[in-house]
Amino acid sequence: MSRDQYNLSKQTNYLKRTMFLDVEGPVTVQRFEEVKYPKLAKFEETARGFFWVPEEISLTKDKIDHKDSSDAIKHIFTSNLLRQTALDSIQGRAPNQVFSPVISIPELEALVSNWSFFETNIHSKSYSHIIRNIYGVPKEEFNKIHDTKEIIDMASTVGYHYEYLHKLNCRKELNDNGFAVDEMDHIKAIWMALHASYALEALRFMVSFATSLAMVENKIYIGNGNIISLILQDELLHTEWTAWIINQVVKEDPRFAKVASETQKEVYDLYMDVIREEKEWADYLFSKGVVIGL
């Protein structure tokens, strides 16, 4: 797999490749003069055009709002940010770590690289920017992530399919040493990881954003709301391209079509687990009181 990426002696026709696990191997030369999937290239181009940095936005009023807020509002605001930090920590590394080794076309590789960049270098740093500007000792707040069972359990669920695909990727890498990986098992792992990613982007992140934007409707934490609005713009695009990949790969790759047919219940259960966990999270989030509008 990846060790072949640095051997540029072999020519290949990317226009005839599958998105994932093509027999020709991984991406070698990153060439974009023509691409098999212009839609993926356009997604990545649009994402690059969204570039922004959190330091552009003032949080002076947010610090005052936080000081004047009730314990319930403080709990909701801070817990939501800590959860977003935890989930973005996973989504910041997962696309590059688990999908890049199995990608076979350069436009998808470029998109995944952009995906991880925004989640880590912009979104996760945004949450640090917010907490750092509101709390005198921000590290005490971040340390609470490790002590909050509701966040830990959720992160474990999110990371399960990523971790399994990562392990298969590593085993495939060591194939010469007898660690064989069944191709269809590998395809299934990619399929489930794609759905885990979509559930994170389309459901979990959107729940968190709804909480943040409800604060703005109550005319508090406006700076945080402005940052979340920018993150929301990014995540809507990430949601759209994940859905597009899921739908497209089933149409074009018989291996994925077979796996999709065989895993309908598993995929359904994955989304139902997400819904259940989000309801449980709401119980925790509003355990000290609610926000008007939520």
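This is a predicted model: local features need pLDDT of at least 70, side-chain atom pairs count only at pLDDT 80 or more; totals for chains, interfaces and linings use all residues.
Reader: Let's start with L165. Where is L165, and is it buried or exposed?

Author: Happy to begin there. L165 sits in helix 6, which spans residues 149-173. Its relative accessible area is 0%, so L165 is buried, the cut-off being under 20%.

Reader: Which residues is L165 in contact with, leaving aside its neighbours within four places in sequence?

Author: L165 is in contact with V98, F99, H186, A189, I190 and A193. For a sense of distance, take S70: L165 and S70 are 95 residues apart in sequence, and their C-alpha atoms are 43 Å apart in space.

Reader: Now the pockets, please. How should I read one, and what is the volume of the second largest pocket?

Author: The general idea is friendly enough: rolling a probe the size of a water molecule over the atoms shows where empty space is left. In this model, the second largest pocket has a volume of about 230 Å³.

Reader: Which residues line the second largest pocket, and which helix gives the most to the lining?

Author: The lining consists of D71, K74, H75, T78, S79, L82, Y135, E141, K144, T148, Y284 and K288. Helix 3, residues 71-99, gives the most, with six residues. Sorted by class, the lining has five charged, four polar and three nonpolar residues.

Reader: On to the rings. How do I describe an aromatic pair, and how many pairs are there?

Author: A pair of aromatic rings is described by the distance of the centres and the angle of the planes. The count here comes to 14 aromatic pairs. One of them joins F77 and Y221, a stacked pair with 3.7 Å centre to centre and 5 degrees between the planes.

Reader: What does the pair of F77 and Y221 tie together?

Author: F77 lies in helix 3, while Y221 lies in the loop between helix 7 (183-217) and helix 8 (222-252), so the pair ties together parts that are 144 residues apart in sequence.

Reader: Which residues do ring pairs link into a cluster?

Author: The cluster is made of Y37, F43, F99, W115, Y162, W241 and W244.

Technical notes
Residues are numbered from 1 along each chain as its sequence is written. Side-chain values use heavy atoms; hydrogens and water are left out. Helices (H or I, at least four residues) and strands (E, at least two) are DSSP runs, numbered from the N terminus. Buried means under 20% relative accessible area, exposed over 50%, partly exposed in between (1.4 Å probe, protein chains only). Contact means heavy atoms within 4.5 Å. On a 1 Å grid over the protein atoms alone, a cavity is a set of points where a 1.4 Å probe fits but cannot get out, and a pocket is an open set with protein on both sides within 12 Å along at least five of seven lines; lining residues have an atom within 4 Å of a point. Grid points are joined across faces, edges and corners, and a volume is the space filled by probe spheres set on the points. Ala, Val, Leu, Ile, Met, Phe, Trp, Tyr, Cys and Pro count as nonpolar, Asp, Glu, Lys and Arg as charged, and the others, Gly among them, as polar. Rings of Phe, Tyr and Trp (its six-membered ring) pair if their centres lie within 6.5 Å; planes under 30 degrees apart count as stacked, over 60 as edge-to-face and the rest as tilted.
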